[in-house]
Amino acid sequence: MFETVVIATDGSESVERAVETALDLARRFDAEVHALYVVDESEVDSSPESIRDEMRAALEESGEDALDAVSEWADREVVTAVREGRPAGEICAYARENDVDLVATGTRGRHGENRFLIGSVAERVVRSCPTPVLTVRQLDE
């Protein structure tokens with residue numbers, strides 16, 4: 001059923017459970033695993049012009065670390081990619097371009113007024129992605 005699973009990661013603790021769940025699902029279906037990190041262009045653009053290059057480089061390095069973590073947890077080869085843009089749009093574009101069967105992402109489980117104030121990449125992916133999206137909520141400690 002699932003031949004290709006994409007794990008969208010930002011390297012945060014809230015995505016760790018999603019990574020574990022997606023890798024378990026990939027293992028059960030013997031699916032190819034892709035890990036994707038998106039450098040949020042709005043973070044770079046909102047920083048002072050004099051440090052944008054350093055900011056971009058730091059975010060790319062964080063992305064590589066996040067992707068390395070996914071690869072370390074996996075029991076199979078992981079195709080990795082770092083892209084720059086709006087995270088939800090880039091995740092959906094990657095899914096289309098690579099004909100994936102499932103996108104997995106973590107969510108912090110915000111709801112109510114906070115959701116509208118903060119926004120949610122996971123929610124935008126669910127609403128606009130052409131493939132099924134698995135959202136995995138971080139458990140309360």
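User: Which hand does the crossing of α4 and α6 have, left or right?

Analyst: This is a predicted model, where local features need pLDDT of at least 70, side-chain atom pairs count only at pLDDT 80 or more, and totals for chains, interfaces and linings use all residues. Residues are numbered from 1 along each chain as its sequence is written, and side-chain values use heavy atoms, with hydrogens and water left out. A crossing is left-handed if the near helix is turned anticlockwise from the far one by less than a right angle, and right-handed if clockwise. For α4 and α6 the crossing is right-handed.

User: At roughly what angle do the axes of α4 and α6 cross, and are the helices oblique or parallel?

Analyst: Helices (H or I, at least four residues) and strands (E, at least two) are DSSP runs, numbered from the N terminus. Axes are lines fitted to C-alpha atoms, for helices over the stretch in contact, and angles run from 0 to 180 degrees between N-to-C directions. The axes of α4 (residues 87–97) and α6 (residues 121–128) come within 8 Å and cross at roughly 40°. Angles under 35 degrees count as roughly parallel, over 145 as roughly antiparallel, 65 to 115 as roughly perpendicular and the rest as oblique, so α4 is oblique to α6.

User: Which residues of α6 meet α4?

Analyst: Contact means heavy atoms within 4.5 Å. From α4 come Pro87, Ala88, Ile91, Cys92 and Arg96. Their partners in α6 are Val121, Arg124, Val125 and Ser128.

User: How many nonpolar, polar and charged residues does the contact of α4 with α6 have?

Analyst: Ala, Val, Leu, Ile, Met, Phe, Trp, Tyr, Cys and Pro count as nonpolar, Asp, Glu, Lys and Arg as charged, and the others, Gly among them, as polar. By that scheme, the contact of α4 with α6 has six nonpolar, one polar and two charged residues.

User: How many aromatic pairs does the structure hold, and what is the geometry?

Analyst: Rings of Phe, Tyr and Trp (its six-membered ring) pair if their centres lie within 6.5 Å; planes under 30 degrees apart count as stacked, over 60 as edge-to-face and the rest as tilted. The structure holds one aromatic pair. Phe2 and Phe29 form it, with 5.2 Å centre to centre and 85° between the planes, which is edge-to-face.

User: Which parts does the pair of Phe2 and Phe29 tie together?

Analyst: Phe2 lies in the segment before β1 (4–8), and Phe29 lies in helix α1 (residues 13–29). The two are 27 residues apart in sequence, so the pair ties together the segment before β1 and helix α1.

User: Where is Thr105, and what does Thr105 contact?

Analyst: Thr105 is found in strand β4 (residues 102–107). Its relative accessible area is 8%, so Thr105 is buried. Leaving aside neighbours within four places in sequence, its contacts are Ala8, Ala18, Ala122, Val133, Leu134, Thr135 and Val136.

User: What separates the C-alpha atoms of Val19 and Thr105?

Analyst: Val19 is found in helix α1. With a relative accessible area of 1%, Val19 is buried. Not counting residues up to four places away in sequence, Val19 touches Ile7, Val70 and Trp73. Val19 and Thr105 are 86 residues apart along the chain, yet their C-alpha atoms are separated by 7.6 Å.

User: Is Ala104 buried or exposed, and which residues is Ala104 in contact with?

Analyst: Ala104 is found in strand β4. A relative accessible area of 0% makes Ala104 buried. Leaving aside neighbours within four places in sequence, Ala104 is in contact with Val6, Ile7, Ala8, Ala22 and Leu134.

User: Where is Asp30, and what is its phi?

Analyst: Asp30 is found in the loop between α1 and β2 (32–40). Asp30 is exposed, with a relative accessible area of 62%. Although Asp30 is not a glycine, its phi is positive, at about 50°.

User: Where is Asp99, and what is its phi?

Analyst: Asp99 is found in the loop between α4 and β4. A relative accessible area of 63% makes Asp99 exposed. Asp99 is not a glycine, but its phi is positive, at about 50°.

Conventions: Buried < 20%, exposed > 50% of the residue type's maximum accessible area, 1.4 Å probe, protein only.
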